[in-house]
Amino acid sequence: MRLLRPELLAIESCCRKTQNAASRRKREPPIAPYNSTVASFFVENFGCRATQADGAAIERQLLEKGLARGSSAIDAEVVVLNTCTVTASADQDARAAIRRIKRGNPEARIIVTGCYAQRAPEEISRIEGVSLVVGNSHKHALPTLAANLAPKGFVSVASIGVGTAATEAAPVVIGDIFAHTELMAAPVFDSESAAERTRPNLKIQDGCNNRCSFCVIPYVRGKSRSLTMDSVLHEVDSLVEAGYKEIVLSGINLGRWGNDLRPRVRFEELVRNIVENTAIPKVRISSVEPMDWSNELIALVAESPKICKHAHAPLQSGSDRILRKMHRRYRPWHYADRLERIRTAMPQAAIGADVMVGFPGETDEHFEETRSFIESLPFTYLHVFTYSSRPGTPSAAMAEQVPVYVARERNKVLRDLIAEKKHGFMESLVGKEIEAVTLTNQRDGMTEALTDNYQKAMIAGEHTSNQLVRVRLDRVDGESLLGVITSVPSAHHEG
Ligand code: SF4
């Protein structure tokens, strides 16, 4: 661990004891607020759902510490920037946000955390306006550090010595991410406003033991670790009580959930347990690596009416040569076998993947292998990314970097291809009945809903959000299906 101020060291050691105690007394009520005078905070998140889940957990803990949530980064006294570093432009976004907040709110204590903070703490600590940099390795300590950094906190800011000038680097709290065993998680919602929240996202796993050659995530998030079975069930019960009809299970490498627990538990067992022992009407599995789509998992998803018919399996490339250079653990034919099995078991399921174009050494021939592979498979949507070199990853040192304009053209080819496939899939659903959860968006007397198989549908009438309904899909209108509610299903019973 590297810590630049003795005062922070004291706070840190206190935090670690608190954590150990916390793990011994699971499920105790939240710590009572100790700050009598309230300072305000604002957490701004960048990047993926996992980062947003970390941000939600930081918020939860700051509230428990007695700080009050501010309405924006411009009026809060403590601003936490929870960053991403998955591409060079993610880093740039974080730097731009620091400058924007410093301009609009010069008195704010800006704390930078997240994946960029873990990867390049010193670079960030030298940016004017930054008060403190906290790596992912010490994110659990951030609420305590923030509470003490707040202008109304019980430790004065002067005693910590906040660095704000460009020449004076801010303190950095960071350590070995691979020694890190904490998992911070709190449900993430699609809206800040409580009235507009639907489909909470529950992060149940963090970190990754793979080493894909382009990926910086293992170096900034550490080893794979899981929320315990009991904690997951407890979170799901709370979300059911709060009235939600669908939850989304997510993680960095979700299919590896349970591998680190003792005794070891399989992800399939967790999913079965959730559908059999909680009252949640719908569970969606966000993304599982292709080889973790076991026959058992596919059968479970196909057979349970409580599990959304939706399979996302990152592909990255359809070229065997490129997959090997990426250190991906499957060959194209393994991937095709999993996808065909999923399609056979679930003829109406949404099937999606992440694909990367412009990986070093990707020739026109390799790209054509990817394009034709995708064309041959039953995808209904894709997330297409353009390769971005990340310092410290093996692929950053590879020769034959692909020019950006070539990668962008390839990106467009795949986006056009998937738009056609998606349209064909939507057309195939016309006339079918399917379950959906109502969302908050309403326009022209219609309400938006998300179907079990991940299609946006506008349904006739104004309906409250978070209702499980059965809809008949009548026609395709641009990116949406149009339909009507045919019935309101009673809760599914299993087990
Ligand atoms: S599986 Fe590969 S791409 Fe995904 S987080 Fe792990 S190392 Fe990164």
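**Helix 14 and helix 15**
- The axes of helix 14 (residues 364-376) and helix 15 (residues 404-429) come within 11 Å and cross at roughly 10 degrees; axes are lines fitted to C-alpha atoms, for helices over the stretch in contact, with angles from 0 to 180 degrees between N-to-C directions.
- Helix 14 and helix 15 are therefore roughly parallel to each other (angles under 35 degrees).
- Phe367, Arg371, Ile374 and Glu375 of helix 14 contact Arg410, Val413, Leu414 and Leu417 of helix 15 (C-beta atoms, placed from the backbone, within 7 Å).
- By class, this contact of helix 14 with helix 15 has 5 nonpolar, no polar and 3 charged residues (Ala, Val, Leu, Ile, Met, Phe, Trp, Tyr, Cys and Pro count as nonpolar, Asp, Glu, Lys and Arg as charged, the others, Gly among them, as polar).

**Basis of the model**
- This is a predicted model, in which local features need pLDDT of at least 70 and side-chain atom pairs count only at pLDDT 80 or more, while totals for chains, interfaces and linings use all residues.
- Residues are numbered from 1 along each chain as its sequence is written; helices are DSSP runs (H or I, at least four residues), numbered from the N terminus.

**Helix 10 and helix 11**
- The axes of helix 10 (residues 267-277) and helix 11 (residues 295-303) cross at roughly 15 degrees and come within 10 Å.
- Helix 10 and helix 11 are therefore roughly parallel to each other.
- Glu268, Val271 and Arg272 in helix 10 meet Glu296, Leu297 and Leu300 in helix 11.
- By class, the contact of helix 10 with helix 11 has 3 nonpolar, no polar and 3 charged residues.

**Helix 2**
- Glycine 66, whose phi is positive, near 100 degrees, follows helix 2.

How values were computed. Helix = DSSP H or I, 4+ residues; strand = E, 2+ residues; numbered from the N terminus. Parallel < 35°, antiparallel > 145°, perpendicular 65-115°, else oblique. Contact = placed C-beta atoms within 7 Å.
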